[in-house]
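Keep the sequence and the structure side by side.

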Amino acid sequence: EKVLLSVQDLKRHFEIGQGETLKAVDGVSFDIVKGETFGLVGESGCGKSTAGRTILGLYNKTDGNVLFEEKNVHKMSDRERREYLKKVQMIFQDPYASLNPRSTVLEIIAEPIEVHKLYKSKEEVKSRVYELLEDVGLNRDHANRYPHEFSGGQRQRIGIARALALDPEFIIADEPISALDVSVQAQVVKLLQRLQKEKGLTYLFIAHDLSMVKYISDRIGVMYLGHMVELTTSNQLYDNPLHPYTQALLSAIPIPDPDIEESRERILLEGELPSPIKPPSGCVFRTRCPQAMSICAEKKPVWKEQEAGHFVACHLFN
Ligand code: SF4
Ligand code: MG
């Protein structure tokens, strides 16, 4: 098991004026092993997208480290950085917003290939684009059309083809199915799984709930207000969730099969997500935690390995 990406106590803060700081990511650690899918889950505003962008190097880090193949992402030379941006690609939530509406599908997918000067002739680029279209379940007849001519699911396929153009090793997928109809979500997930097998890809799969992530992730990290609160294998997280926030997220998943009676008791979280500008003292989850104790306001819980490979930050386990 080779660690491909190592995120070590990563912090990304934004100075927002008047001496205030938004702590979008405030000390997050995890490793991603080559070939796995790591799910990063949390409500919007928890810092998961910021974490993804900081890993890609789109944002500077405030503190901590991101190592890719043991190289520090934020200390790379220009040449190393160009290589890194070939190996790591991003897929976005809204493929429509991320595809230039005035470019044809051919131009959209060919752009990264041309930027990195990977092929010499126009013909070579074209046949590479045709190949990529077939990889994602589209075909060469789609090449001369424009993004608005496609459905949401097809547009996400175009976004995926573009992300694959440079033959990456690692893909950060930021809520790639959240904007799609439920019926289309499963197709896109299947496509991502097939491509992972065929091309030996590693995924960081960002999602706002646990419903689909279960099926694609090998391991899952749960984030709340800039912090990682629990991390373990997908199975362990579902069978034995330890953190009260994880338990609440799991209880919110609808049971797909009505014959299955063993549904979880719904845990409703009271109150709003606090502002990451003024996070609660002690445990950041305490203002909404059904099990909060007095120590939770006083002391930050320690990130602790409760059983092999199963990490949790909560005073119930400290
Ligand atoms: Fe709840 Fe306290 Fe655990 Fe935080 S540390 S999740 S407030 S029990
Ligand atoms: Mg987001």
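Start at Val41. Leaving aside residues up to four places away in sequence, Val41 touches Ala207, Asp209, Leu210, Val213, Ile220, Val222, Met223 and Leu249. The model is a predicted one. Its largest nonpolar core holds 76 residues. Val41 is among the five members that touch the most others, along with Ala161, Leu204, Phe205 and Tyr224.

Now turn to Gly39. Gly39 sits in strand S3, which spans residues 37-41. Is Gly39 buried or exposed? Within 10 Å lie 26 other C-beta atoms, so Gly39 is buried; the cut-off for that class is 20 or more. Again not counting residues up to four places away in sequence, Gly39 touches Phe205, Ala207, Val213, Ser217 and Ile220.

Which order do its strands take? The sheet is open, with eight strands in the order S6-S7-S8-S3-S9-S10-S12-S11 and mixed pairing. Strands S6 (88-91) and S11 (303-307) form the edges, each pairing on one side only. On average, neighbouring strands are turned by 20° against each other, direction ignored.

Look at one pair in detail. Strand S10 (residues 227-233) and strand S12 (residues 310-313) run antiparallel and are joined by two bridges. Leu231 has Phe311 in S12 as its bridge partner. Helix H10 (residues 244-251) lies across S3, S9 (219-224) and S10. Its direction is at about 105° to S9.

Move on to ligand 1. It has 14 residues around it. Those that come nearest are Cys283, Arg286, Cys289, Cys296 and Cys314. The shell is made up of ten nonpolar residues, three polar and one charged.

Finish with the backbone. Most residues other than glycine have a negative phi. Two residues here are worth checking against that. Asp9 has a positive phi, near 45°. Asp9 belongs to strand S1 (residues 3-15). It is partly exposed, because 13 other C-beta atoms lie within 10 Å. Glu69 also has a positive phi, near 50°. Where is Glu69 found? Glu69 lies in the loop between strand S4 (63-68) and strand S5 (71-72). Glu69 has 16 C-beta neighbours inside 10 Å and therefore counts as partly exposed.

Methods. Residues numbered from 1 in each chain as written. Chains lettered and ligands numbered in written order. Predicted model: local features only at pLDDT ≥ 70, side-chain atom pairs only at ≥ 80, totals over all residues. Core = buried A, V, L, I, M, F, W, Y, C linked by C-beta atoms within 7 Å. Buried ≥ 20, exposed ≤ 12 C-beta atoms within 10 Å, placed from the backbone. Contact = placed C-beta atoms within 7 Å. Helix = DSSP H or I, 4+ residues; strand = E, 2+ residues; numbered from the N terminus. Pairing = 2+ DSSP bridges. Axes fitted to C-alpha atoms, helices over the stretch in contact; angles between N-to-C directions. Near = placed C-beta within 6 Å. Nonpolar A, V, L, I, M, F, W, Y, C, P; charged D, E, K, R; others polar.
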